[in-house]
Amino acid sequence: MLTNSLLAGAFGAAYLTIIVLQLNPEVPLLSATPWWWFVTLGTLYGVHFAVLFYVVIVGREFFAMDMLSPGWVSVRLLAWLGACLSAGAAALMWLNVRGFSASLGEAAAWRMTAGALATTVSAVVLFAIAAAHYSFGRRGSRVGAWLFFIAVVASMALPLAARGSGAPAGERLPWSGQGELLLAEEGPRVTLLMLDGASLEHIWPRAAEGRLPNFSRLLDAGAIIDLATIRPTQPDPVWAAAATGMYPATNGVRSAARYYALRDRRGIDLLPDHCLAHALVRLGFVRDHPLTSEEWGARPLWGILSDEGLSSGIVRWPLTHPAQPSAGFVVSDRLHQVTSSIGAFELAGYPPRVLRTVASLTGETAPASGSPNDPMATHGPEATALEHDQLYARVATTLRGEYAPRLFALRYAGLDTIGHNYLRYAQPDGPRDVSEEERRRLGQVVDRYYAFIDAEIGAALAGISPGDLLLVVSGFGMEPQTAVKRLLARVLRDPDLGGTHERAPDGFMLAYGTAVQPGRPQRGSIVDITPTILYFFGLPVARDMDGFARSDLFTRDFTAERPVTFIPSYR
């Protein structure tokens, strides 16, 4: 029984390794990386599979009327275990290819689909072999053993054959070929406020009640578009897609980190979904290294504008550390992490002269507000999120006044933290384990943070001129955590979060300005942001972009004078 359980555990680890390779087609098949991932996955998943199967077999022996008495390697037993494992692997393949299609690209997604189909057929064959053995009461025969061997090998070899030996890694590009600081250019300007984890479902009723007056102004007099986002729904790949107008398979940013198996030096970009793979990182089986500004495989929006002679002011856009040359100024998303490190701080902004302004502002602290029982008035993650958002807002406002860029972009990440921790308390029909006192006291934290963002939008509205464009964009929404996920979090001793965006809830784009046509056009995508801004500036849209210029946001007078034009690429 033990050897059969160990073999089944090895099968499970092998299937998971195949899924890792399918999600990361740039990994050479004939390298040490697949082996190290098999060892890593076998150390955790393989051992747990073996223990689970052994307990099931022993339990069956204890309660069944007839003794199983399997051999050291039992075809009858392994056929059932292999069928279950291959069926589970096929299900994971289908779920992952569906969820990560934008990150895989058309060719890799097709190859993974073919592999999932082959594994599904193999699972059916294995179930047929197992059923035949038990239906006819026969012990393993040579024919049955060979059929089992062929089915198991096919369930692993065919997905690998469909995947191929490995695709070449994409080219990495600098942001721009320009680096001069441009001042006070004439022409309309774009203000882009970026929100992590904001949801229209939360905004609509509160705006209607008058509690979010500036959101209400945008909803009443502006254009509203729901935006489909991508998976994995993490700030880095989501905002990289927004910045390039391309999905991760094209822009090269497929996750927030690079992951390394035990003792391996070659990293991968994607971990499988629906199998608690990120627990490998938390438990120390896999190392993760955050990505940097050197990971872009396509020019971001500010790089394109820089090459076209337009300046940008970019503050806290993911993957901007270390800051690279660009026309205008850049403050990296890691400023709050490097203020105490002289060497790292020098890389947190471009041009170097802006760091003097940044240094004078990083020591300031915003006054605390609220009662002593207010979580945002303490030193928890909520207060830290607010402190960081206020820091970047002060820096951005000061630099914008000095340099007046044509494009100004500022990201607020605090709503994501607030939603993860407090969304469950803000739901009228929330979990039953939330008391009324907790709902009353903690549910207001989410509303107060939305009020803070609303005030920031008000300041942006006060600063725009006729002809300018204000865009408020949420890269992804937030929705309540399911009861099953919360139970798994407690088992794994993870934080009991009340909000999640792992199922990629829609974000949104609110557009406001004299050129904007009020209304609610059809649903768009996060990759529509850059083509739309390029169109507003009168620049052509690249044909290799996945997004579209949303000209339906604008009035007929505006679009009549500005047709959408195209060029092959900005690469």
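The model is predicted: local features need pLDDT of at least 70, side-chain atom pairs count only at pLDDT 80 or more, and totals for chains, interfaces and linings use all residues. Residues are numbered from 1 along each chain as its sequence is written, and side-chain values use heavy atoms, without hydrogens and water.

**Exercise 1. Describe how helix H15 packs on helix H16.**

Step 1. Locate the helices. H15 covers residues 354–362 and H16 covers residues 381–403. Helices (H or I, at least four residues) and strands (E, at least two) are DSSP runs, numbered from the N terminus.

Step 2. Take the geometry. The angle is about 140 degrees, and the axes lie 10 Å apart. Axes are lines fitted to C-alpha atoms, for helices over the stretch in contact; angles run from 0 to 180 degrees between N-to-C directions.

Step 3. Classify. H15 and H16 are therefore oblique to each other.

Step 4. List the contact (heavy atoms within 4.5 Å). H15 gives Val354, Thr357, Val358, Leu361 and Thr362. H16 gives Leu391, Arg394, Val395, Thr398, Leu399, Glu402 and Tyr403.

Step 5. Sort by class. Ala, Val, Leu, Ile, Met, Phe, Trp, Tyr, Cys and Pro count as nonpolar, Asp, Glu, Lys and Arg as charged, and the others, Gly among them, as polar. The contact of H15 with H16 has seven nonpolar, three polar and two charged residues.

**Exercise 2. Find which residues and elements line the second largest pocket.**

Step 1. Start at the centre. Of 25 lining residues, Glu26, Pro168, Ala169, Gly170 and Asp269 lie nearest to it.

Step 2. Move to the elements. Helix H4 (101–104) and helix H10 (248–251) are the elements that give two or more residues to the lining. H10 supplies the largest share, four residues.

Step 3. Count the classes. The lining has ten nonpolar, seven polar and eight charged residues.

**Exercise 3. Locate two cis peptide bonds and a positive phi.**

Step 1. Recall the background. Most residues other than glycine have a negative phi, and most peptide bonds are trans.

Step 2. Inspect the prolines. The bond from Arg231 to Pro232 is cis, with omega near -5 degrees. Pro232 sits in the loop between strand S2 (223–228) and helix H9 (235–244). The bond from Tyr350 to Pro351 is also cis, with omega near -5 degrees. Pro351 belongs to the loop between strand S7 (349–350) and H15.

Step 3. Check phi. Arg263 has a phi near 65 degrees, a positive value in a residue other than glycine. Its loop runs between strand S3 (257–260) and helix H11 (279–282).

Technical notes:
Parallel < 35°, antiparallel > 145°, perpendicular 65-115°, else oblique. 1 Å grid on protein atoms, 1.4 Å probe; cavity = no way out; pocket = protein on both sides within 12 Å on 5 of 7 lines; lining within 4 Å.
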